[in-house]
Amino acid sequence: MPDDSADEVFERLQDIVQQAILREFPNPERKGCPGTEVLRELANRPRPTRDAAWEHVTHCSPCYREFLDLREQVKRRLELEHRQVVRRRAVLGGIAVAIVGGGIAAYESFERREPAPEELGPYLPASLDLRDASSTRSAGGQTVAAKPHVLPAKRLDLTILLPIGSEPGRYDIQWLKDIDKPLLSVSGNASVENGVTVLRVKLDLSRETPGNYLIGLRQPPSDWTFYQVTLRS
Ligand SMILES: [Zn+2]
């Protein structure tokens, strides 16, 4: 007994109709046949439209045969395109999972290796005097100061004396080896004290290896200015 689900009934009827069309209208002289291009256009339609061309095709066995072949090509192409879209989505989904997973892993390892604040001892007061720091423009349009400054590799309660004429307000601070790759990022508020613009931030340099670094300052939306700093143990 054949299965009588609606889809299967429809497919069986469709098959009967198709077989009938393929058999009943031989048209060996191909009278009134519209040609392959018209058949291809019909095959590319999302659904049949009742017009003269379609009327002909459903009453001409050779045209209908050609139409079914072309329709099969179109279906294969659409299926291929669909599979490519699905595969692309799967790849993008995989990347998103990797990014989120990587972020969680990084967060967890950061959480694990972060000792409790009381184990690390107090912040050491230190100052960075940038009042007469001469700076030069780098290739990227950013500014790098020439004169090196020295800081200890400790947890620092850092007082930065900003270059003369600096505005008070919010500043972003970066600690970095290479421009665009900050190792630490903090922000703080600068205020004018006795005519000097002073920025106080806590900067934990206790895990940085001694050597040459840059400290970057910017008052958004201004561009970064970088100053050379030598870190000593
Ligand atoms: Zn025909």
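What follows is a working chat about the predicted model shown above.

Me: What kind of model is this, and what needs a pLDDT of at least 70?
Reply: It is a predicted model in which local features need pLDDT of at least 70 and side-chain atom pairs count only at pLDDT 80 or more, while totals for chains, interfaces and linings use all residues. Residues are numbered from 1 along each chain as its sequence is written, and side-chain values use heavy atoms, with hydrogens and water left out.

Me: How many helices and strands does the protein chain have?
Reply: The protein chain has four helices and ten strands. Helices (H or I, at least four residues) and strands (E, at least two) are DSSP runs, numbered from the N terminus.

Me: In what pattern, along the sequence?
Reply: The pattern reads α-α-α-α-β-β-β-β-β-β-β-β-β-β.

Me: What share of the residues is buried?
Reply: Of the 233 residues of the protein chain, 29% count as buried. Buried means under 20% relative accessible area, exposed over 50%, and partly exposed in between (1.4 Å probe, protein chains only).

Me: What about contacts between residues at least 6 apart in sequence?
Reply: Among those in the protein chain, 66% join residues at least 24 apart. Contact means heavy atoms within 4.5 Å.

Me: Let's go to strand 5. Where does it run, and is Thr159 in it buried or exposed?
Reply: Strand 5 covers residues 155-161 and contains Thr159. Thr159 counts as buried because its relative accessible area is 17%.

Me: What does Thr159 touch?
Reply: Not counting residues up to four places away in sequence, Thr159 touches Ala126, Ser127, Leu128, Val198, Leu199 and Arg200.

Me: And Leu161?
Reply: Leu161 is also found in strand 5. With 18% relative accessibility, Leu161 counts as buried. Beyond four places in sequence, its contacts are Leu128, Asp129, Leu130, Arg131, Val196, Thr197 and Val198.

Me: How far is Leu161 from Ala190?
Reply: Their C-alpha atoms are separated by 9.2 Å, and the two residues are 29 apart along the chain.

Me: Where is His149, and which residues is it in contact with?
Reply: His149 is in strand 4 (residues 149-152). Leaving aside neighbours within four places in sequence, His149 is in contact with Leu128, Asp129, Leu130, Ala133, Gln228, Val229 and Thr230. His149 counts as buried, because its relative accessibility is 8%.

Me: Switching to charges. How many salt bridges are there?
Reply: The count comes to 14 salt bridges. A salt bridge is a side-chain nitrogen of Lys or Arg within 4 Å of a carboxyl oxygen of Asp or Glu.

Me: Which residue does Arg65 pair with?
Reply: Arg65 forms a salt bridge with Asp69, with the closest N and O atoms 3.7 Å apart. Both lie in helix 4, four residues apart, about one turn of the helix. Arg65 is partly exposed, with a relative accessible area of 41%, and Asp69 is partly exposed at 41%.

Me: And Arg77?
Reply: Arg77 meets Glu81 in a salt bridge (3.6 Å, N to O). This pair also lies in helix 4, four residues apart.

Me: What about Arg207, which residue is its partner?
Reply: Asp204, with the closest N and O atoms 3.7 Å apart. Asp204 is buried, with a relative accessible area of 18%, whereas Arg207 is partly exposed at 40%.

Me: Which residues are linked in a network?
Reply: Glu41, Arg45 and Asp51 are linked in a network of salt bridges.

Me: Last topic, surface patches. Which residues form the nonpolar patch?
Reply: Val91, Leu92, Ile95 and Ile99 form a nonpolar patch on the surface, with about 390 Å² of accessible area together. Patches are made of residues with over 30% relative accessible area and no salt bridge; like charges are joined within 9 Å, and nonpolar side chains (Val, Leu, Ile, Met, Phe, Trp, Tyr) within 5 Å. Val91 is in helix 4 (residues 61-113) and counts as partly exposed, at 48% relative accessibility.

Me: And which residues gather in a patch of negative charge?
Reply: Asp7, Glu8, Glu11 and Asp15. Lys and Arg count as positive and Asp and Glu as negative, while His and the chain ends are not counted. The place of a charge is taken as NZ of Lys, CZ of Arg, CG of Asp or CD of Glu. Asp7 lies in helix 1 (residues 6-24) and counts as exposed, at 58% relative accessibility.

Methods. Accessible areas come from the Shrake-Rupley method with a 1.4 Å probe; for residues, only the protein chains shown count as cover.
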